[in-house]
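I opened this notebook to keep track of what I look up, entry by entry, in a structure that is new to me.

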Amino acid sequence: WSRTVRRDGDALSVGGVPVGELAERFGTPLYVVDEEDARSRAAEVRTAFERAFADIGTAAKVYYAGKAFLSVEVARWMDAAGLFIDVCSGGELAVALAAGVDPERLGFHGNNKSLAEIDRAVSVGVGAIVIDSIQEIDRVAAAAERHGVVQSVRLRVNSGVHAHTHAFLATSHEDQKFGIALEHAVDAVGRIRSHPSLAFRGLHCHIGSQIFGADGFAESAARLLSLHAQLLEGGDVPELNLGGGFGIAYTSADDPAPIDELAHRIAETVAAGCEQLGIPAPVVAFEPGRSIIGTAGLTLYTVGTTKDVPVAFQDDGETAVRRYVSVDGGMSDNARPALYEAEYSARIANRTSTAAPALVRVAGKHCESGDIVVNAEYLPGDVTPGDLLAVPATGAYCWSLASNYNFLGRPPVVAVRDGDARVIVRGETIDDLLARDAAYDPAAARPL
Ligand code: LLP
């Protein structure tokens with residue numbers, strides 16, 4: 001739960017605003033972002049890394065990974081907290097620029113950036129482009145030449161570390177699309193260095209997402225440092241970017257290590273590696289998204305129907321009842337359970353109840369049986385249509401992965417703070433969706 005969630009009388013409040021008031025003013029489903037939580041975590045993550053690396057005599061830089069959730073407002077919060085911002089498409093770049101972020105403070109990622117995206121990034125002067133393929137080296141070089149600039153670049157390599165996370169979230173084992181194999185990296189850097197319009201600024205690696213321990217990061221840092229040391233022979237290599245991926249608690253079963261503990265473990269590994277290799281420690285950069293914005297968000301839903309479904313369990317042949325509680329959103333506002341079997345929790349938010357708990361499955365309203373919001377949760381047995389459900393930890397990869405499946409508009413995002421609530425991203429209406437349908441003629445159709 002975000003930090004300002006409170007029990008306020010019988011109901012929950014967040015950022016000092018009762019959830020009932022939020023539902024009434026903005027409707028449900030509703031994404032709610034706790035501004036205080038997002039800003040304070042951004043500052044804490046930055047401080048944790050800066051301190052840990054100051055202790056080993058070097059500096060750390062923290063980028064906010066915009067893919068987790070980016071809007072003009074959020075980009076400004078991150079900027080104000082002193083974070084750099086990592087974008088991975090022309091769209092995310094446009095949002096960061098629209099927020100007024102200094103392009104120098106942006107990193108640009110992507111395994112298949114278009115020529116137009118590369119051109120735009122170079123022309124606005126992004127701080128670094130993270131090169132992800134051999135072809136891209138010449139593309140970025142050509143764009144930099146066209147614009148008469150020297151573009152700073154990093155090279156994303158694949159450290160081969162197997163992160164302990166869902167297979168779809170792991171990105172640095174050998175057989176996947178990101179980065180360049182370690183054994184090809186020296187040649188790739190040679191090619192970068194052969195272009196006068198490019199400045200090689202260091203290696204990058206991202207091992208995956210929703211990772212709880214420090215081991216994978218430490219292992220990846222150790223592997224990259226040997227390569228980093230080798231590259232120092234050809235010139236300056238100021239930075240090493242170890243990516244993001246720090247996990248958060250979605251349910252009480254999740255127990256991620258505190259970020260300062262992780263920062264210290266990684267810093268110690270970097271210090272030990274540099275000492276062994278006899279090299280100075282580089283500036284080390286990180287790109288967390290989820291661990292900054294994930295817990296700041298919650299989603300409010302209204303319960304529409306409940307059903308007790310007899311379920312035959314195959315192993316013992318016994319029949320039990322599973323209570324399906326259906327809400328007014330689902331996989332269109334949170335695709336993560338359907339995509340990754342991600343687990344969430346839920347709570348009745350508009351009242352307290354003393355009813356005995358019942359094991360329920362919270363489902364969405366989409367035409368798809370995999371449309372699950374919370375797979376298994378104990379809720380008071382009297383959960384009933386009209387109740388508000390709050391699902392915590394939906395700040396990352398929910399709005400950003402949202403869709404219009406079944407022609408549902410994406411819900412608005414409301415920021416709450418000190419008793420105030422304001423829309424930071426407007427919700428979509430059916431007019432918005434139909435406006436893109438080229439055959440739709442509002443004059444000829446029935447009123448919506
Ligand atoms: N840097 C790079 C290069 C990345 O690819 C990512 C995430 C991050 C940083 C930020 O990772 P974070 O700190 O947020 O874990 N849709 C999935 C997550 C995909 C992550 C993609 N890359 C999910 O909902 O779990």
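I began with strand 4 (residues 30-34), which pairs with strand 14 (residues 297-312) in the antiparallel sense over four bridges; strands here are DSSP runs of E with at least two residues, helices are runs of H or I with at least four, both numbered from the N terminus, and two strands pair if DSSP finds at least two bridges between them. In this pairing Val32 stands opposite Leu298 of strand 14.

I then noted that strand 4 and strand 20 run parallel, joined by four bridges, and that Val33 has Ala415 of strand 20 as its bridge partner.

The model is a predicted one, in which local features need pLDDT of at least 70 and side-chain atom pairs count only at pLDDT 80 or more, while totals for chains, interfaces and linings use all residues. Residues are numbered from 1 along each chain as its sequence is written.

Are the residues of strand 4 buried or exposed? Five of its five residues are buried, that is, each has 20 or more other C-beta atoms within 10 Å of its own, C-beta atoms being placed from the backbone. Leu30, Val32 and Asp34 lie on one side, with Tyr31 and Val33 on the other.

I next looked up the domains, which are domain 1 (6-33 + 295-434) and domain 2 (55-288), with bounds from an automatic or database domain assignment. Their centres, taken over C-alpha atoms, are separated by 34 Å.

Why does the ligand lie between the domains? Both domain 1 and domain 2 give residues to the shell around the ligand, so it lies between them.

Terms used: Buried ≥ 20, exposed ≤ 12 C-beta atoms within 10 Å, placed from the backbone.
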